[in-house]
Amino acid sequence: MSQVDTRSETVTITDNSTGCSIEVPIMRGTEGPAVFDIGQLAKQLGIYTYDPGFRSTASCQSAITLIDGKNGRLNYRGYPIEDLAEKSSFLEVCYLLMYGDLPTKEKLDTFTHSITNHTLLHEGLREFYKGFRKDAHPMAIMVGVVGALSAFYHDSLEISNARDREITMHRLIAKMPTIAAWAYRFSKGEPFPYPRNDLNYAENFLHLMFSYPTESYTVNPVAAKAMDLLFLLHADHGQNASASTIRLAGSSQANPYATVSASVGTLWGPAHGGANEAVIEMLEAIGEPKNIDEYLARAQDKKDPFRLMGFGHRVYKTQDPRATIISKVCQEVLDNLNVEDPLLAIAEELAERARKEAYFIKRNLYPNVDFYSGIILRALGIPTNMFTVIFTIGRTIGWLSQWSEMMEDQGMRISRPRQLYTGRKQCHYIPIEERHEGEDFCAIK
Ligand code: ACO
């Protein structure tokens, strides 16, 4: 765990209505802002804190991912994302996030072998897909199938046992590409290919997405490298909504497949992982650079619910480093795949113009990871409704690492936030024959 110093510094919180005070320790992590440990506040002062959306609240201690929103830094287990993107691979990053440091060659080989050999799904799950409507969104299928894994793999669910957790994590990392690609193949009415053990993780995913049993399929190495990079860049991102979901759901000691399914559902939202799909829809709606002004104006109009998708971030108050990496490789990937996409020019001009607008400057709104990722995915032939599914494959390791870290924490308790109650004071039950339309039944004495 992170080195946390709680010894010396405190702040005093006084409840002026009673005159009672409490000394609240300040905790400092290895990097990033300090926090007040308010754990004793309710017990000693009978007061809770109020912070909707967790804008000022650290919900846990974590040694996995550092996000420095001011300077646009992102580190996985201490390693900068730029180094990992250039030199590492998705599976090596999975190992890093899961076990805490980079593997030796031998350890990476063993890990890769284990993941490669867990990619098959129980045959019963093939039948499970048939229960969905053909036009179901693939994320809806993901929520269902991932949750359903709990009905197929219950031989190692002693979640307080580290080895059982490890097996579950390997299974989920390995099976996610198969689950995801089959969701796509089902929607197209196409055969479900089996995974191939001679391919690496990203290559195998492309094979599952695009191969046919009637023809041999050769994976394009440029496409596989780009896919691997996208998985790697999405692998973890601290206590975001879907990671917080797994911690909250997992804190009840629920089945890990069910908790991952809850995170998949959270990721689906357009304010979170669903934004990559929404970005492409927005760029298509803009259609031509001449329409950019209209959309920039709409984004700034408080009466219009429209937001510039792929812009803004709760933590980054400068450009998201993942967006910087993707924007650099975007043109390269398109050139290598001989793809011309007019949306890239619109995206670049939109980003450029937004950067100059006072509204975006004042609010520190910059492109986030979702802004450019969709353009690469389109070039790889991935349909728009699969974008968040791809994000899900990459982020699974992050959720699992957050979950495992929580399960190892001896002080772990069920998550149970409080509320500021704003409802009625106590009412008296009025018999139904005494209730008349338009009356406030609670006010009747
Ligand atoms: N377009 C226009 N205005 C925006 C945008 C945007 N994309 N994002 C934030 N703002 C404005 C808000 O209206 C608000 O303005 P105000 O201060 O005048 O009220 C201000 O900037 C602060 O925004 P909040 O919504 O309070 O910031 P929050 O941290 O709660 O939200 C979020 C962050 C959800 C990412 C937001 O920026 C957003 O909706 N962006 C678009 C969706 C998106 O790209 N999501 C992907 C996020 S990255 C990820 O999950 C992988």
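Guide: Happy to! In this predicted model, strand β1 (residues 10-15) and strand β2 (residues 20-27) run antiparallel and are joined by 6 bridges. To find your place along the pairing, look for T12, which stands opposite E23 in β2. The hairpin of β1 and β2 has 4 residues between the strands, and there G19 takes a positive phi near 80°. Strand β2 also pairs with strand β3 (residues 35-36): these two run antiparallel as well, with 2 bridges between them. Here M27 has V35 in β3 as its bridge partner.

Now for the cysteines. The count comes to 1 disulfide, formed by C427 and C442, whose sulfur atoms are 1.9 Å apart. The torsion about their S-S bond is about -90°, so this disulfide is left-handed. Both C427 and C442 lie in the segment after α18 (387-408), so the pair ties together parts that are 15 residues apart in sequence. As for accessibility, C427 is partly exposed, at a relative accessible area of 33%, whereas C442 is buried, at 14%.

C60, by contrast, is in no disulfide: the nearest cysteine sulfur belongs to C94 and is 20 Å away. With 26% relative accessibility, C60 counts as partly exposed. Another cysteine to look at is C330, which is buried with a relative accessible area of 1%.

How values were computed
Residues are numbered from 1 along each chain as its sequence is written. This is a predicted model: local features need pLDDT of at least 70, side-chain atom pairs count only at pLDDT 80 or more; totals for chains, interfaces and linings use all residues. Side-chain values use heavy atoms; hydrogens and water are left out. Two strands pair if DSSP finds at least two bridges between them. A disulfide is a pair of cysteine sulfur atoms within 2.5 Å. Buried means under 20% relative accessible area, exposed over 50%, partly exposed in between (1.4 Å probe, protein chains only).
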